[in-house]
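Work through the exercises below with the sequence and the structure at hand. Each task is followed by a solution in steps.

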Amino acid sequence: MNKKTKKKINNIIAYIFISAVGIAMIYPIIWMFFATFKDNAEIFGSTGLLPKSYDFSSFVRGWKSNGGNQTYTDFFINTFVMVIPTTLLTVASCSVVAYGFARFKFPFKKQLFMLLIATLMLPNAVIIIPRYSLYNTFGWIDTYLPFYVPALLATYPFFIFMLIQFTRGLPRELDESAYMDGCGTLRVFWNILLPLMKPALFSAGLFQFMWTYNDYLNSLIFINSTSKYTISLALRLSLDAESVVQWDKVMAMASVAVLPLIILFFLAQKYFVEGISTTGLKG
């Protein structure tokens with residue numbers, strides 16, 4: 001067996017293995033979609049993937065029937081009203097902080113960077129009670145400000161660290177050339193570095209969008225009114241609103257809820273992969 005044939009066989013084996021792993025990973029989503037066409041008896045009494053018949057009424061019933069007068073149209077609007085500003089504010093604020101740490105020297109820089117990294121070790125369960133007390137004092141409970149304000153103040157050290165590492169990989173000669181041409185600090189950041197940081201910014205934005213979109217605990221604690229519920233809370237409301245849970249409706253709405261994340265990932269896949277692969281490389 002020559003090297004070319006051996007290499008081809010190894011590639012085929014690798015593709016088969018990757019395909020098998022990929023199918024295993026997306027199988028729960030596939031099962032969830034087909035479960036929307038099954039009733040409770042078929043869901044719990046059959047191990048088959050495909051339903052006996054296809055009826056899209058579960059999507060209609062699931063979209064309309066949820067506690068109160070709200071439909072999933074309201075819940076989706078609430079979700080995007082909360083998630084989109086949070087994502088944009090996070091990317092904007094964290095990129096500015098990362099620019100400062102990556103490009104400038106100032107007193108206590110190392111100590112502040114160590115403090116920044118140390119906050120990564122704090123679990124959310126430790127700070128959730130102090131945050132609630134603080135936000136309650138400010139009168140922010142049952143609003144989206146507990147999500148907006150932390151994003152505006154760059155309180156997400158993971159994204160700051162990721163953007164710092166990416167910015168360090170950009171040649172400083174670009175900054176020096178811009179300064180020689182008369183550009184100021186902000187103009188260098190806006191016109192020179194920010195366009196080059198696009199892959200890392202897309203990665204940070206995608207992560208933040210997914211985490212905020214899927215966030216259940218913080219939404220449950222800081223949002224009390226059903227009229228302001230997000231998708232994650234609405235799905236839970238589907239289980240509490242009825243004595244006997246109709247799982248076909250729950251699965252239908254869960255399938256719809258996953259769609260924005262899938263679409264967003266495929267649209268931003270190029271920048272996301274590039275940002276992850278290049279973050280941490282220091283030139």
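Predicted model: local features only at pLDDT ≥ 70, side-chain atom pairs only at ≥ 80, totals over all residues.

**Exercise 1. State how many salt bridges the structure holds, and describe the one formed by Arg61.**

Step 1. The structure holds 2 salt bridges.

Step 2. The partner of Arg61 is Asp248, and their closest N and O atoms are 2.7 Å apart. A salt bridge requires a side-chain nitrogen of Lys or Arg within 4 Å of a carboxyl oxygen of Asp or Glu, so a pair of this kind at this distance qualifies.

Step 3. Arg61 belongs to helix α3 (residues 57–64) and Asp248 to helix α14 (residues 247–267), so the bridge ties together parts that are 187 residues apart in sequence.

Step 4. Classify the exposure of each partner. Buried means under 20% relative accessible area and exposed means over 50%, with partly exposed in between. Arg61 is partly exposed because its relative accessibility is 31%, and Asp248 is buried because its value is 10%.

**Exercise 2. Describe the salt bridge between Asp175 and Arg103, and say whether these residues are buried or exposed.**

Step 1. The N to O distance between the two side chains is 2.8 Å.

Step 2. Asp175 sits in helix α9 and Arg103 in helix α4 (residues 72–103), so this bridge joins parts that are 72 residues apart in sequence.

Step 3. Both Asp175 and Arg103 are buried.

**Exercise 3. Describe how α9 packs against α10, and how α4 packs against α7.**

Step 1. For helix α9 (residues 172–180) and helix α10 (residues 185–196), the angle is about 140° and the axes are 10 Å apart. This angle makes α9 oblique to α10, because roughly antiparallel would need an angle over 145 degrees.

Step 2. The crossing of α9 and α10 is right-handed.

Step 3. For α4 and helix α7 (residues 145–152), the axes come within 7 Å and cross at roughly 15°. That makes α4 roughly parallel to α7, because angles under 35 degrees count as roughly parallel.

Step 4. The crossing of α4 and α7 is left-handed.

**Exercise 4. Find the C-alpha separations for the pairs Lys228 and Asp74, Asp142 and Ser219, and Leu233 and Ile223.**

Step 1. Lys228 and Asp74 are 154 residues apart along the chain, and their C-alpha atoms are separated by 8.2 Å. Lys228 lies in the loop between α12 (217–222) and α13 (231–240). Its relative accessibility of 29% makes Lys228 partly exposed.

Step 2. Leu233 and Ile223 are 10 residues apart in sequence, with 9.4 Å between their C-alpha atoms. Leu233 is placed in helix α13. With a relative accessible area of 3%, Leu233 is buried.

**Exercise 5. Which residues make the nonpolar surface patch, and where does Val21 lie?**

Step 1. The patch is made by Tyr15, Phe17, Ile18, Val21, Met25, Ile26 and Ile30, and its area is about 740 Å².

Step 2. Val21 is part of helix α1 (residues 3–35).

Step 3. Val21 is partly exposed, with a relative accessible area of 34%.

Definitions and conventions:
Residues numbered from 1 in each chain as written. Heavy atoms only, no water. Patch = residues over 30% accessible without salt bridge, like charges linked within 9 Å, V, L, I, M, F, W, Y side chains within 5 Å. Areas by Shrake-Rupley, 256 points an atom, 1.4 Å probe, with all protein chains shown as cover. Helix = DSSP H or I, 4+ residues; strand = E, 2+ residues; numbered from the N terminus. Buried < 20%, exposed > 50% of the residue type's maximum accessible area, 1.4 Å probe, protein only. Axes fitted to C-alpha atoms, helices over the stretch in contact; angles between N-to-C directions. Parallel < 35°, antiparallel > 145°, perpendicular 65-115°, else oblique. Left-handed = near helix turned anticlockwise from the far one by under 90°.
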